[in-house]
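Good morning, and thank you for coming. I would ask you to keep the sequence and the model in view while I go through a few selected places.

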Amino acid sequence: MAKELEVKVPDIGSYDGVPVIDLLVKVGDRVEKEASLVTLESDKATMDVPAPEAGIVKSIKLKVGDKVSQGDAVLVLELADDAKAEAPAKEAAKPAKTEQPAPKKEEPKAETKAPEKAAPAKTAAPSKLSVTIPDVGNYDHIPVIEVFVKDGDVVEKDAPLLTLESDKATMDVPAPEAGTVSGLKIKVGDKVSKGDAVCTLETQGGTAEAPAESKAAPAKASSEAPAPASSAPEPAPASPLPGPSATTDTIPYASPGLRKFARELGVNLARVSGSGPRGRITRDDVQSFVKRALQSPTPAAPGSSTAGASSIPPIPAVDFSQFGPIETKPLARIRKLSAAHLHRAWLNIPHVTQTDEADITELEAFRKSQSEELSAAGGGKLTLLPFIMKAVAKAIQAYPEFASSLSPDGESLLFKKYLHIGFAADTPNGLVVPVVRDVDQKGIVQLAQETGELAKKARDGKLKGEEMRGGCFSISSLGGIGGSHFTPIVNAPEVGILGVSKSSIKPVWDGKAFQPRLLLPLSLSYDHRVIDGAYAARFIVLLGKLLADLRRLAL
């Protein structure tokens with residue numbers, strides 16, 4: 001029978017009546033061991049209360065806004081394994097020692113000795129004060145997630161200089177005195193421990209005793225500092241929009257667990273508006289921000305350094321009804337998804353399109369004769385697409401970069417040891433791209449059957465997700481409609497796509513006379529970061545030879 005464990009507030013130092021600023025779980029949630037349950041916040045530190053064991057949340061004993069102290073009940077966990085029932089009870093207090101940030105020691109201890117070394121005699125002359133990392137409990141090598149100052153900045157007493165973040169707590173290192181920052185030794189990403197040097201403060205009229213006394217001030221008189229000063233923006237890559245200034249009234253207000261969640265998504269919390277108490281950023285705020293960012297690109301300000309980069313100026317909205325009657329129809333879901341994907345591909349990939357014509361006179365004669373035989377035998381219709389797919393697979397074997405993908409960091413190519421080829425299928429709801437697996441290992445008739453079945457599924461809206469994933473290369477055929485050449489958009493993360501237009505009879509000089517030949521227009525678009533022009537030209541020339549003489553496919 002499952003047993004229950006009451007989770008209590010661990011040792012949080014000398015603090016009592018610490019506000020609950022976030023509930024990270026609800027009744028019925030399944031949580032893993034060490035997962036964050038609630039977030040507490042004192043004036044100088046934000047800390048999460050972790051789950052001592054894995055289990056299911058049966059009841060919650062507090063709510064946002066409640067004030068708690070050590071030993072207060074947080075929630076009840078239902079444990080699935082009886083063998084672990086006693087262990088959580090004994091370890092319930094353990095996270096207090098291993099996880100809590102010991103906020104009461106955060107400012108006082110590490111710096112009480114520094115003023116004795118750096119402070120001059122009791123004179124009004126400027127003095128230099130060494131600032132070091134204070135006592136942060138049992139933690140070592142804590143990452144620096146934000147640095148608020150630079151050399152030459154003037155700071156007030158207790159103003160945050162930098163922010164540290166362990167797995168369960170975020171804490172600021174405050175200025176022990178007002179002064180000018182010099183000799184800054186810390187940068188974002190550094191890992192620090194108690195006593196590590198931060199910077200030097202040049203103070204006015206400093207005395208030997210004053211800095212030492214100021215060390216205890218943040219812990220005892222913490223009400224002087226604004227509450228949001230306990231949090232800081234995450235160390236995300238530089239945002240395309242201007243970042244916030246390093247002042248306490250612009251520091252994003254969020255819990256450690258929320259900061260970690262935002263960093264995993266690449267979200268700059270400085271750009272997220274908080275809907276929680278006192279403007280605190282919640283998980284819903286971050287998720288809503290990501291949704292909005294994916295649905296609509298953020299426009300760059302005219303003349304800004306980002307215009308023309310990842311953001312582009314929006315097209316102005318126009319009220320077309322002023323010119324005459326209009327009708328509004330919502331886009332089909334598939335069309336909306338395709339539009340977003342193609343837009344990303346077009347903006348991110350430097351496209352080049354190489355065109356050519358393949359002589360398919362003999363191929364078309366062979367296809368028609370075999371199609372009649374297959375139809376008579378009940379084998380279905382034989383179209384040109386399977387022949388093109390087989391020829392593309394053969395050409396990719398000779399030029400394998402066309403089946404590669406660029407790594408996310410742009411530093412390497414990922415070569416695929418399989419040959420799955422997608423083909424664009426036109427449906428009433430929009431364009432979809434089914435993928436045929438292992439094209440190089442299948443015959444023409446088998447490819448014809450599979451493409452026919454997938455095309456029917458696409459028209460009927462019955463394609464499965466896995467039937468549209470894993471392609472190495474794509475083919476977009478408009479031969480049944482018409483036109484000559486066009487520029488197909490590369491289906492990222494692929495690096496190449498072949499456009500096929502309507503074949504036509506043209507006179508071709510054979511050295512003695514013009515002969516009527518059936519020519520198939522080909523349009524090869526490719527990612528110029530991966531494929532250069534000469535490589536693409538060789539690929540399309542080989543493709544033309546393979547289509548002109550089917551015997552080459554057997555070589």
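Predicted model: local features only at pLDDT ≥ 70, side-chain atom pairs only at ≥ 80, totals over all residues.

Just after helix α6, Gly-266 takes a positive phi of about 75°. Helices here are DSSP runs of H or I with at least four residues, strands are runs of E with at least two, and both are numbered from the N terminus. Within α6, which covers residues 256-265, the buried residues are Pro-256, Leu-258, Arg-259, Phe-261 and Ala-262. By buried I mean under 20% relative accessible area, by exposed over 50%, and by partly exposed anything in between, with a 1.4 Å probe and protein chains only.

Residues are numbered from 1 along each chain as its sequence is written, and side-chain values use heavy atoms, with hydrogens and water left out.

Now to the chain as a whole. The protein chain has 12 helices and 27 strands, and of its 555 residues, 43% count as buried. Among contacts with a separation of 6 or more, 64% are between residues 24 or more positions apart; a contact means heavy atoms within 4.5 Å. The chain exposes about 28,700 Å², of which carbon and sulfur atoms supply 54%. Accessible areas come from the Shrake-Rupley method with a 1.4 Å probe, and for residues only the protein chains shown count as cover.

Let us turn to strand β13, residues 169-174. Six of its six residues are buried. One side carries Ala-169, Met-171 and Val-173, the other Thr-170, Asp-172 and Pro-174, and both faces are covered.

Why does Thr-200 count as buried? It does so because its relative accessibility is 16%. Leaving aside residues up to four places away in sequence, Thr-200 touches Lys-128, Leu-129, Thr-180, Val-181, Ser-182 and Gly-183.

On the surface, Val-318, Phe-320, Phe-323 and Ile-326 form a nonpolar patch with about 450 Å² of accessible area together. Patches are made of residues with over 30% relative accessible area and no salt bridge, with nonpolar side chains (Val, Leu, Ile, Met, Phe, Trp, Tyr) joined within 5 Å and like charges within 9 Å. A salt bridge is a side-chain nitrogen of Lys or Arg within 4 Å of a carboxyl oxygen of Asp or Glu. Phe-323 sits in the loop between α7 (283-295) and α8 (333-348), and is exposed, at a relative accessible area of 63%.

Finally, some backbone details in loops. Glu-34, between β3 (30-31) and β4 (36-41), has a positive phi near 75° although it is not glycine. Asp-438, between β23 (435-436) and α11 (444-460), has a positive phi of about 50°. Glu-34 is partly exposed at 32%, and Asp-438 is partly exposed at 25%. Lastly, a cis peptide bond joins Ala-492 and Pro-493, with omega of about 10°; Pro-493 lies in the loop between β24 (473-477) and β25 (496-500).
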